Amino acid sequence: MSGLEEITDKLVASTVEIFSSMIMMDVAVGNDSEATINPYLKCITGMVGLAGKRKGIVAVHFPNEVAMAITGNFLGMDVSEINEDVQDAVGEVANMLAGDIKTILSDKGKDIELSLPSTISGDQYVFQAKSDTERITVPFIVSNGVFRVELELEK
Amino acid sequence: MCIMENIAVMEIIAGYVKDATFEVFESMVMMEIASGEPNYNGSKKIDSIISSMIGLAGDLKGMVVIHCPEEVAKKITSGMLGMEVDEVDADVKDALGEIANMVAGGLKVSLEGEGCNVELALPSTVIGRSIRMSSGVGSKRIMVPFNIPSGEFGVEMNYVMSSV
């Protein structure tokens, strides 16, 4: 079992890889102080559950502008509202990340299964896992904003 | 072999959602609840301020979500903790997360009885007004409304069958 620091490093590498190869977008790790913003204002969250040997949640929190830019890159067209395309793209980013995390947490990803990707969006909301989890939150900077990747694991 | 592939089976799953919810409210919340008609086309909305959810993975991938208006969330937490709760705080968040966890646990047992093995993820909660939630394209959505004296809450189940 990897320690939290090692998991964080791999999570960062995996996020950078997904954004550069699948979304064609450069991302850089932000400051830790930006990691804890909650409630989320005008944001969309993509999330996928981890079940089996490790139980957890993978969540990606995007400001609306960042989510629209990502969707635009995915689809090769301009996106100007939070519509189904954006929900699908954000869910898919969470799903890809969760697929990588599965492999990080368990040899070849066996014994861990993913739930359905879901999204949450709104003008203002608080997202929280249960209190007694191990939590990793990493902020990433893109050209038009900051988004956060969150991993919650059962202790 | 998991047989939960037919659309008509949504009614069976809705029945399991009802059973699991009744069981949790009877044994853990000590509260009588009444169920309404399950909705299968996404048209039933609950005016919620707090939603707790938990992912399901395995033969079926999905998510169980409990949607509560503020008063209902506080009453349910009061019932569970045996003390008055007058704001949507960490206790409410944890109580509703635990209810999602227990309802999903009951569903897991029923689904396993159908040969459909599922594992649970961790519960989480979202608090806010006018929140939109969506699950992947092509997922089936069941919403079962329930009533207590202080209002209505909903238990939603979104799922897809894992590819065979």
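Analyst: A residue is called buried if 20 or more other C-beta atoms lie within 10 Å of its own. The model discussed here is a predicted one.

User: Why is strand E3 of chain B called mostly covered?

Analyst: Strand E3(B) comprises residues 60–68, and nine of its nine residues are buried. Each of them therefore reaches the threshold of 20 or more other C-beta atoms within 10 Å.

User: Which residues of E3(B) point one way and which the other way?

Analyst: One set consists of Leu60(B), Gly62(B), Val64(B), Ile66(B) and Cys68(B), while Lys61(B), Met63(B), Val65(B) and His67(B) point the other way; all are buried. In a regular strand, side chains alternate between the two faces of the sheet.

User: What joins E5(A) to strand E6 of chain B?

Analyst: Four bridges do, and the strands run antiparallel. As at least two bridges are needed, these strands of two chains count as paired. Ile120(A) has Met133(B) in E6(B) as its bridge partner.

User: How many residues of chain A are in contact with chain B, and which element gives the most?

Analyst: In chain A, 34 residues are in contact with 34 residues of chain B. E5(A) gives the most to that side of chain A, with twelve residues. By class, the side holds 13 nonpolar, 14 polar and seven charged residues.

User: Why does the radius of gyration of chain A agree with that of a compact globule?

Analyst: A compact globule of 155 residues would have a radius of gyration near 15 Å, and chain A has 15 Å, so the values agree. The C-alpha trace of chain A spans about 40 × 30 × 30 Å along its principal axes, and buried residues make up 46% of the chain.

User: Which helices and strands make up chain A, and how many of each are there?

Analyst: Chain A has three helices and seven strands, in the order α-β-β-β-α-α-β-β-β-β from the N terminus.

Terms used: Residues are numbered from 1 along each chain as its sequence is written. Chains are lettered from A and ligands numbered from 1 in the order in which they are written. This is a predicted model: local features need pLDDT of at least 70, side-chain atom pairs count only at pLDDT 80 or more; totals for chains, interfaces and linings use all residues. Two residues are in contact if their C-beta atoms, placed from the backbone, lie within 7 Å. Ala, Val, Leu, Ile, Met, Phe, Trp, Tyr, Cys and Pro count as nonpolar, Asp, Glu, Lys and Arg as charged, and the others, Gly among them, as polar. A residue is buried if 20 or more other C-beta atoms lie within 10 Å of its own, exposed if 12 or fewer, and partly exposed in between; C-beta atoms are placed from the backbone. The radius of gyration is taken over C-alpha atoms; the globule rule is 2.2 Å times the number of residues to the power 0.38.
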